[in-house]
Amino acid sequence: MARIVGGVGTTHVPSIGKAIAEHKDKDPYWSPFFDGFHAVHQWLGRVKPDVAVVFYNDHGLNFFLDKLPTFAVGAANEYRNEDEGWGIPVSKALAGDAAFSWHLINALVADEFDITMCQDMLVDHAVTIPMALMWPGGGSCPVKIVPISINTVQHLLPSVSRCLKLGRSIGHAIESYEQDLRVMIVGTGGLSHQLDGERAGFINKEFDQLCMDKIVNDPDALTRYTISQLVEQAGAQGVELLNWVAMRGALTGRVSELHRNYHIPISNTAATMLLDNQAVAQRQAA
Ligand code: DHB
Ligand code: FE
């Protein structure tokens, strides 16, 4: 059976892609952020995941404001990136696992999630940057992905509670997959940031710390925030927290924090978190 090994929450700021391309990871400006990934690399070397389920938000590459699904699940064997205009190199295509995607889609629909199924899906910086951070060096990524896009862009957005439930549904679906896959969960974006308008550059460190604490031990506590309150607390793009919430929802076992790095600012925001997931059945056996 498939097993959920843990989760990673990480920012997806596009300028990271530029820093990678220009080998700036050891520069004083960038190193406090890149160094935060050493623990993630060690963990990945240990748990050796086969697949990453990636909760992210598309920023206009695959979906635009005219048609924007609330939840979209990739069901392809390959996901291409294209030039989004950030001045970063186009990434290599990432491998998918369509059979696993369809298993998850079946389970989501059975759980009454009305999702959009995408057999052809471009993935933007919100997928490619986290993958490049986790597997640096520019080689082929060793895991297959299932990209799940959550609308954090065009209001009305799904609630925190709905995203937590989406993650939980995915978590249970993973555990019922017959193949012996080691599955990691990724949530990208956030935490607090605002890119434009009067509050451009807005960051709320206290709220970010609170969100990270709650993500570990009490994700349900975050469901008390309405989307408007999240925008107020975290900025217009801070609602990307929804991707972290879904990631946490998919960790169905006993969750513990292995590592966190909070260094601001690189561009407008930067947070990284690594969570371990011990399956409950495994715990009983131990
Ligand atoms: C930045 C952050 C984002 O989440 C994004 O999608 C694009 C840019 C930034 O901070 O520059
Ligand atoms: Fe973003």
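**Ligand site, sheet and helices of a predicted model**

Around ligand 1 stand H12, V13, P14, H59, W86, H125, H193, L195, E240, S267 and N268, each with a heavy atom within 4 Å of the ligand. The model is predicted: local features need pLDDT of at least 70, side-chain atom pairs count only at pLDDT 80 or more, and totals for chains, interfaces and linings use all residues. Residues are numbered from 1 along each chain as its sequence is written, chains are lettered from A and ligands numbered from 1 in the order in which they are written, and side-chain values use heavy atoms, leaving out hydrogens and water.

Three of these residues make polar contacts, that is, pairs of N or O atoms within 3.5 Å. An N or O atom in the side chain of H12 is 3.0 Å from an oxygen atom of ligand 1. For H59, the distance from a polar side-chain atom to a ligand oxygen is 2.7 Å, and for E240 it is 3.1 Å.

Next comes the sheet. It is open and mixed, with 8 strands in the order β6-β3-β7-β2-β8-β1-β10-β9. Strands are DSSP runs of E with at least two residues, helices runs of H or I with at least four, numbered from the N terminus; two strands pair if DSSP finds at least two bridges between them. β6 (116-118) and β9 (254-262) each have a single partner strand, so one side of each lacks a neighbour in the sheet. On average, neighbouring strands are turned by 20 degrees against each other, direction ignored. Axes here are lines fitted to C-alpha atoms, for helices over the stretch in contact, and angles between N-to-C directions run from 0 to 180 degrees.

β2 pairs in the parallel sense with β7 over 6 bridges and with β8 over 5 bridges. Y56 is bridged to S149 in β7, while A52 stands opposite M184 in β8. Because 6 of the 6 residues of β2 are buried, this strand is largely enclosed by the rest of the structure. Buried means under 20% relative accessible area, exposed over 50% and partly exposed in between, with a 1.4 Å probe and protein chains only.

In helix α7, the buried residues F207, D208, C211, M212, I215 and V216 pack against α8, α9, β9 and β10.

Definitions and conventions:
Contact means heavy atoms within 4.5 Å. A polar contact is a pair of N or O atoms within 3.5 Å; within protein, one must be able to donate a hydrogen and the other to accept it, and residues adjacent in sequence count only if both atoms are side-chain atoms.
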